[in-house]
Amino acid sequence: METTGEAPRPHQITLRFLAAPMDVGLSGTVEAGTVLEWVDKAAYAAAVGWAASYCVTAYVGNIHFSDPVGSGDLVEVTASIVYTGTSSMHVHTEVSFRDPRGERTGTSTTCLVIFVAVDEHGKPRPVPSFTPRTELQTRRRDDALARIGIRDAIVEEMKGQSYTQAGTAERITLRFLAEPTDVNWGGKVHGGIVMKWIDTAAALCASRYCGQDTVAVFSGGIRFYRPLRIGDLVEVEARLVYTGVKGMHIAVHVRSGDPKGGQLNLTTYCLTVMVARDATGTAVPVTPWVPRSAEDRALWEHARTLVRIRANSPGGYRPGHLEQSVPVGRQATR
């Protein structure tokens with residue numbers, strides 16, 4: 001708990017529930033998009049509780065999906081304020097689970113979510129300052145601070161890329177209207193739903209490329225640029241930009257706008273890594289993608305640059321499926 005001079009202010013919240021059968025996707029386990037929706041809801045609750053105002057998702061980063069969650073598992077999603085700026089709150093979120101019979105436990109994912117408190121006009125408003133009280137809180141605060149430079153480098157790298165029809169890689173585009181059921185407490189589409197759309201599009205693109213079932217193992221650089229409103233025409237474009245030995249790097253752009261016409265504006269962008277799985281759920285190698293156009297080669301190198309940037313983040317985690325499978329311009333068989 002933290003005090004503001006008036007009343008205790010909670011800095012942490014835990015949601016507990018059973019994973020339902022409808023949460024399970026074609027993979028036989030809970031899909032990454034559903035886990036991201038849980039993450040967003042818990043982090044939102046923590047941010048609103050701290051700011052005592054409506055908040056919007058600004059950024060979600062460094063999401064590693066590890067153990068899969070199954071139907072009937074008891075799920076805990078814990079979200080903790082670890083650092084505050086003037087109007088922003090950095091929320092460390094962890095999804096853990098266990099079989100109620102005690103036969104299986106695990107951690108599905110951990111990530112950092114950044115929310116911004118806004119007033120009734122949608123303008124940023126100040127939030128109370130958070131001061132770490134324990135060694136764990138201090139370490140998480142320091143990790144959040146260390147990630148600021150990494151995040152800025154990722155955002156800058158992403159801004160400089162061009163995605164046009166000159167690309168030759170596998171791509172898919174989903175189009176639909178944002179439904180009233182997608183609404184959050186502020187009357188707009190909440191970030192968790194958008195991340196669910198991203199996972200769906202990335203999985204479809206990856207599966208079309210490799211011809212196998214796929215599952216997300218990493219998602220990063222999810223930046224929310226502007227709100228997405230109920231009734232908007234939504235376009236989710238997913239495009240292969242790089243293949244590792246097992247991982248397929250999929251760039252996803254979410255655009256939205258008035259369905260009666262006009263320009264669709266970029267609302268969210270991220271890079272997701274998918275892996276192919278066999279019948280036993282084991283990750284298997286994929287056919288290397290060979291860039292053909294100048295744009296292909298630029299995006300191929302872009303993906304490699306992001307891997308190098310993220311290798312410098314706290315922990316320096318660099319899983320094997322991110323490794324290069326074939327030099328640019330050469331075909332190989334593995």
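Me: Which helix holds both Lys159 and Glu156, and how many residues apart are they?

Reply: Both sit in helix α2 (residues 135-159), 3 residues apart, about one turn of the helix. Helices (H or I, at least four residues) and strands (E, at least two) are DSSP runs, numbered from the N terminus. Keep in mind that this is a predicted model: local features need pLDDT of at least 70, side-chain atom pairs count only at pLDDT 80 or more, and totals for chains, interfaces and linings use all residues. Residues are numbered from 1 along each chain as its sequence is written, while side-chain values use heavy atoms, with hydrogens and water left out.

Me: What do the side chains of Lys159 and Glu156 form?

Reply: Side chains of opposite charge can pair when their charged atoms come close. Here Lys159 and Glu156 meet in a salt bridge, 3.4 Å from N to O. The term asks for a side-chain nitrogen of Lys or Arg within 4 Å of a carboxyl oxygen of Asp or Glu. By this rule the count comes to 13 salt bridges.

Me: Is Lys159 buried or exposed?

Reply: Lys159 counts as exposed because its relative accessibility is 57%. Buried means under 20% relative accessible area, exposed over 50%, and partly exposed in between (1.4 Å probe, protein chains only).

Me: Which residue does Arg171 bridge to, and what parts does that pair tie together?

Reply: Arg171 meets Glu237 in a salt bridge at 3.4 Å, N to O. Arg171 belongs to strand β8 (residues 171-177) and Glu237 to strand β10 (residues 233-243), so the pair ties together parts that are 66 residues apart in sequence. Glu237 is buried, at a relative accessible area of 13%. A network of salt bridges links Arg171, Arg175, Glu235, Glu237 and Arg255.

Me: Where do Arg239 and its partner Glu295 lie?

Reply: The side chains of Arg239 and Glu295 form a salt bridge at 2.6 Å, N to O. Arg239 is in strand β10 and Glu295 in helix α4 (residues 294-310), so this bridge ties together parts 56 residues apart in sequence. Arg239 and Glu295 are both buried.

Me: How many aromatic pairs does the structure hold?

Reply: A pair of aromatic rings is described by the distance of the centres and the angle of the planes. Rings of Phe, Tyr and Trp (its six-membered ring) pair if their centres lie within 6.5 Å; planes under 30 degrees apart count as stacked, over 60 as edge-to-face and the rest as tilted. The structure holds 7 aromatic pairs. One of them is Trp50 with Phe130, edge-to-face at 5.7 Å centre to centre, with 75° between the planes. Trp50 lies in helix α1 (residues 32-51) and Phe130 in the loop between β7 (105-117) and α2, so the pair ties together parts that are 80 residues apart in sequence. Trp50 and Phe130 are both buried. Tyr44, Tyr54 and Phe115 form one aromatic cluster.

Me: At what angle do α1 and helix α3 pack?

Reply: Two packed helices are described by the angle between their axes and the distance between the axes. For α1 and helix α3 (residues 191-210), the angle is about 165° and the axes are 8 Å apart. Axes are lines fitted to C-alpha atoms, for helices over the stretch in contact, and angles run from 0 to 180 degrees between N-to-C directions. α1 and α3 are therefore roughly antiparallel to each other. Angles under 35 degrees count as roughly parallel, over 145 as roughly antiparallel, 65 to 115 as roughly perpendicular and the rest as oblique.
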